Every structure is written in C-alpha cells, then in structure tokens.
Amino acid sequence: MSAQIIDGKTIAGKIREEIKEEVENLKKKGHVPSLAAIQVGEDPGSTVYIRSQRRSCEKVGIEYKLHQFDTTISQKEMSEFIQKLNGDKGVSGIILQMPLPQALDARTLQATIHPDKDVEGVSAANMGMVVFGRPILGPCTAMAIMELIKSTGVDLYGKEAVMVGHSDIVGKPTALLLLDKFVTISVCHIATGERGTLPEYVKRAEILIVAVGKAHLIKGEWIREGAIVIDVGINRVEGKIVGDVEFEEAKERASYITPVPGGVGPVTTAILLKNTIEATKLRIR
Ligand code: NAD
C-alpha cells in the first residue's frame, strides 16, 4: 500500500492562519511583530531563502527588514550591530543568515543575539529549554519535524525512532524532543555510515527522520513497513531538488512520508513566523 503524503504546505498554511490572527490581536494592542534579517555578502542560496522569508512574513503581517553588509565587515562591527538590534524595542526577532564569510565567527555572533530575540532557536539558552522539554523559541526545523509527525495523529509513546544526522540545529534537538515524548531514539551519523550499520538501524525505525544532505542515501528497501518517514535533506540533482530518501521506493513501504520539496521546508518557515510572534510576546511581557 502506498503511503499518505504529509503535505507540509497545508500544515504550514494552518500555522500561518493562526499566526495571522495573533498578529492582528497584537497590532490592535499597538505591538507590531517585526523580523530583522542580517545578510553578509550575497550568497545566492541565502538570497533565495531571504526572499521566501520576506514573502512569508508579509503574508501574515509581520514586518521584515533586511540589513545587508559587505563581506569586509569585522567581527566587532557585526557584534555591535547585533547588540544595537537587541536593544531596539521595534525589533521582535533577529535572524543571522548563513553562510558568513570565513573571517566571522558564526557561533559567537549567534550567541550575541539576545535569547528572547533568537527566533531561530539556536542559542544556548533556547537549546537548553529543549533539554528541559519546555522549548520557548525552539529550533525551527526540529519543531517543524515534530509538527509533521504530530499531523499523522500516531501515538508516539514507546515507539522506536531513528534520527539520521546529528547536527546541532536539526538532529540533536529533534532527538531530544522525541525523547521527551517517550520515544526510544537512536541517533546515527557519519560514523554509523562508515561502519556499515546504517541499514540495520533504519530497518528498525517506526519513525525515521533523515537530515544528512546526501541524495537518496536511504534506500527504499530499508524502510520498515508502516514507518513514518520525515525527509529533511535538500539536494540538487540534475536541476531538481530531492531529499535524502529514495522517495518512490520508500513510499511503497511507509505509512506516511514527507515529499521534498513541500514537506519540512514550508513548515520550518512557518515555525520561524510562530517564533517571531512568541518573541513579540516576550518583549511586551
Ligand atoms: P549537517 O550538514 O550539519 O550534518 C550532516 C549530518 O549527516 C551529520 O550528522 C553527519 O555525521 C551525517 N552524515 C553524513 N554522511 C552520513 C552517512 N553516510 N551516513 C549517516 N550519516 C551521515 O546537517 P544539517 O545542517 O542538519 O543539514 C542536513 C540536511 O538537511 C541538508 O541537506 C540541509 O540542507 C537540510 N536542511 C533542511 C532544512 C529544511 O528546512 N528543510 C533545514 C535544515 C537543514
């Protein structure tokens, strides 16, 4: 039997509708949610992302302001600029677009963003709340993955899950969020791949999440019958965007599966908007 497709665009649309209402209520009280984006240089991928962020913000009534800098900007200057935004009452959330030039230390700069304005949820304080099971501004992609899984209505308690990829912003927080739902979770990474045991892990997964960035790394035949499959990967192959999972083959074994594109991506952007609303509320607390 063919899997049900988890439609990220529809889920994102529902989140946006809720946000729209919240924006209207906040504006009635005189609070305008706003997102400040910082871009250094002109990376084409980041420019595409910025365009889609702006469109998404405008759709729900969030103000979007892009601050562009030349690649010659120093760490000190950038840090001072972020601190200025931290102190600006008109700014609800700040997003530092990647990649940054080599001369800038992304982690340190990201840590300069005040946790209450860290709408990407990547600061130590916000990640810490994930560990405690009470995310406030949660990491966007990990929160999006949880929304996508929730949309299936499947009871997570005691389920066996496998997270392939252990990045700070996706793999690690997703594993923690699932752990908090009493899921038994294994986290696989490059060393699992090198050891050759990746198929064994994947075959056990009732819930499989893949965030690696290697086209079709996960073979359809590895998918457990009836699994929920969340494909986070974004890869360009012969001019097309594909995920990390062999979609057509996996679809025949899974019960639910996200497409790429149109799965995790739109929901991640919707969570960014949701976090901007949360940040606005934190500001007026
Ligand atoms: P990353 O690029 O920081 O790390 C990749 C991970 O994959 C690491 O944990 C690494 O150990 C693991 N890995 C590499 N080769 C492997 C192998 N052969 N077997 C098993 N594991 C292997 O991770 P990231 O930043 O989470 O990004 C992963 C992918 O997700 C990328 O394609 C990225 O573009 C995509 N992504 C999508 C969204 C979205 O909103 N849709 C958001 C973030 C990232």
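Predicted model: local features only at pLDDT ≥ 70, side-chain atom pairs only at ≥ 80, totals over all residues.
Local features need pLDDT of at least 70 and side-chain atom pairs count only at pLDDT 80 or more, while totals for chains, interfaces and linings use all residues. Residues are numbered from 1 along each chain as its sequence is written, and side-chain values use heavy atoms, with hydrogens and water left out.

Strand β5 covers residues 160-164 and strand β6 residues 184-188; the two pair in the parallel sense over five bridges. Strands are DSSP runs of E with at least two residues, helices runs of H or I with at least four, numbered from the N terminus; pairing requires at least two DSSP bridges. Val164 has Cys188 in β6 as its bridge partner. Together with helix α7 (residues 171-179), β5 and β6 form a right-handed β-α-β unit, meaning that, with the strands pointing away from the viewer, the path from the first strand over the helix to the second runs clockwise.

The ligand is surrounded by 21 residues, the closest being His166, Ser167, Ile190, Lys214 and Ile234; a residue counts if one of its heavy atoms lies within 4 Å. Helix α11 (264-283) gives the largest share of this shell, three residues, and α8 (190-195) supplies at least two. Polar contacts are pairs of N or O atoms within 3.5 Å. An oxygen atom of the ligand lies 2.6 Å from a side-chain N or O atom of Ser167, and one is 2.9 Å from a backbone N or O atom of Ile190.

There are zero disulfides, a disulfide being two cysteine sulfur atoms within 2.5 Å. For Cys57, the nearest cysteine sulfur, that of Cys140, is 11 Å away.

Definitions and conventions
Polar contact = N/O pair within 3.5 Å; in protein donor to acceptor, adjacent residues only side chain to side chain.
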